[in-house]
Amino acid sequence: MIALLTRDLRLAVRAGGGFGLGLAFFLIVSSLVPFGVGPEAEVLARIAPGILWVGALLACLLSLDRIFQLDFEDGSLDLLATAPIPMEGTVAVKALAHWITTGLPLVVAAPVFGALMNLPQPGYVWIFVTLLIGTPALSMIGAFGAALTVGLKRGGLLLSLLVLPLYIPTLIFGAEAATRGIEGFENTTPLLMLAAITLAAVALLPFAAAAALRINLR
Amino acid sequence: MPEMRRIKQRQDRYNSVWEWANPIKFMWFSGVALPWLVGLTVLLMGVGLVWGFFFTPEAVNFGSSVKIIYVHVPSAFMAISAWFMMLVASLIWLIRRHHVSALAAKAAAPVGTVMTIIALLTGAIWGEPMWGTYWAWDPRLTSFLILFLFYLGYMALWGAIENPDTAADLTSVLAVVGSVFAFLSRYAVNFWNQGLHQGATLSLDKEENIADTYWIPLVIAMVGFGAFFVTLVFVRTRTEIRKRRTHALEMRERMADA
Amino acid sequence: MLDLGKYAGAVISSWAATLGLLALVVVMTWLQSRKAKRELEAIEARRKARET
């Protein structure tokens, strides 16, 4: 399984692997919002946590089809299906690779891009923490969506349509936790819910995703 | 020689949809039941809606707008029930492989979607005089918006996949996982709205003490909408079964000509 | 028509939208049903013809 992880990581980082694309997209979105909403510091500060969360979410979406598509097309997925690792393990590892190459950079970059939107001081910590807890859920939920659509030639748009509604609870609790933390309010509830969603997604969705992959590989 | 065997195997698979007892039994049963269902639907909806519209008084605070309850509540209730039925049908397909079940879920989706749209529209129209705005991110309305998105995704997935059995399997998995998230979203949205807005969450609450004068025609209308749903799903499932049979026969024709 | 007072617009439009959409889904369902039935009968007739 480690071998699979290193392989996927190396593939992602190579040229053409799409590494950094998500980050660039995140930066663009963060820069675009002030153009649309106006440069008023207070307005931006108020919406910054939410925008950062939405931007991170959309950036995650970009690289989701890579999780299985390439391996599906060249037959490696069939091989993985017959390998000694259970399919669920393969799914988990691939989702982990996606998180390391897409989610984690977003977590690190978010506070920096937050400065573009006048994120208040406490925001730097809270955005980092909430995204750190929440992005694994995004990768795992995304992997499920990718497993559903892996058999489709141009399933990118459909993938977004399927995955974005599934992202809503994570987004709500993540952005809420960040916003409340910044305003100095009690935010344990959304934080715990966010953690719960991540844990449940990581524990349970590999089974659903593996089932979808098996269906598509028939 | 091996090609001939493979072709025969594929033919047998396409035969199996129709040769199964299930679709045949369903076609027979639904054929008999449909006239009754249609009659029941017309009766219940007619009575419930006409009564609700013409023969109920104006309400305190709501005025005549309370009458919107007769289209908003039944459609909202059906929007949720339809999704629940799709969930159950999907589970039956995944576990017991009854083709009719999978097709029934597919058939129910458009009806459920229309119910959701009606719920959203009537909710928004009712909202304008009540809250002064066509849309408010009230937890209930927001949940219906999310449900609408789930319906769209489900139907889009059915449409995107060519192989009928693969489509049935994948959409069923989506329905199951989606249901969990839909339930979770309801809770999340409740939390989300209470947190940010101190404004009064409006109470279009069905559990409010509704006087009998309003309640009885409402129940009749709700059952009527339910009968409407069942009727349409029966018809649509028959259509799906016929389409599958046609598809299977076309495949066989093509094999025979090849 | 009874006097709906100031909410007349809301009530009428919501009911009209509802009935309209319900009618729409009924019509679509019926049309699709007819088409499927026709196509199935056509292909089964072709099949009968070929087998005889």
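Me: How many salt bridges are there between chain A and chain B, and which side chains meet?
Reply: Good place to start, and keep in mind that this is a predicted model. A salt bridge here is a side-chain nitrogen of Lys or Arg within 4 Å of a carboxyl oxygen of Asp or Glu. Between chain A and chain B the count is one. With an N to O distance of 2.6 Å, the side chains that meet are Asp169(B) and Arg218(A).

Me: Which helix of chain A gives the largest share of the side that touches chain B?
Reply: Helices are DSSP runs of H or I with at least four residues, numbered from the N terminus. Helix H7 (121–149), helix H8 (156–183) and helix H9 (188–217) of chain A each supply at least two residues of that side. The largest share, eleven residues, comes from H8(A).

Me: How many nonpolar residues does the side of chain A that touches chain B have?
Reply: In this classing, Ala, Val, Leu, Ile, Met, Phe, Trp, Tyr, Cys and Pro are nonpolar, Asp, Glu, Lys and Arg are charged, and the others, Gly among them, are polar. That side of chain A has four charged and three polar residues, and its nonpolar residues number 20.

Me: What is the area buried between chain A and chain B?
Reply: Taking contact as heavy atoms within 4.5 Å, 27 residues of chain A are in contact with 28 residues of chain B. Buried area is the accessible area (1.4 Å probe) that two parts lose on being put together, summed over both. Carbon and sulfur atoms give 85% of it, and the total is about 2300 Å².

Me: How many residues apart are Arg244(B) and Asp165(B)?
Reply: Their side chains meet in a salt bridge at 2.9 Å, N to O. Arg244(B) is buried at 12% relative accessible area, whereas Asp165(B) is partly exposed at 26%. The pair links helix H7 (residues 212–257) with helix H6 (residues 164–196) of chain B, and the two residues are 79 apart.

Me: What is the mean pLDDT of chain C?
Reply: The model scores ipTM 0.91 and pTM 0.90. pLDDT is the predictor's confidence in each residue, from 0 to 100. In chain C, 94% of residues reach 70 or more, and the mean is 90.

Me: Where do the numbering and the cut-offs come from?
Reply: Residues are numbered from 1 along each chain as its sequence is written, with chains lettered from A and ligands numbered from 1 in the order written. Side-chain values use heavy atoms, without hydrogens and water, and local features need pLDDT of at least 70, side-chain atom pairs 80 or more, while totals for chains, interfaces and linings use all residues.

Key. Buried means under 20% relative accessible area, exposed over 50%, partly exposed in between (1.4 Å probe, protein chains only).
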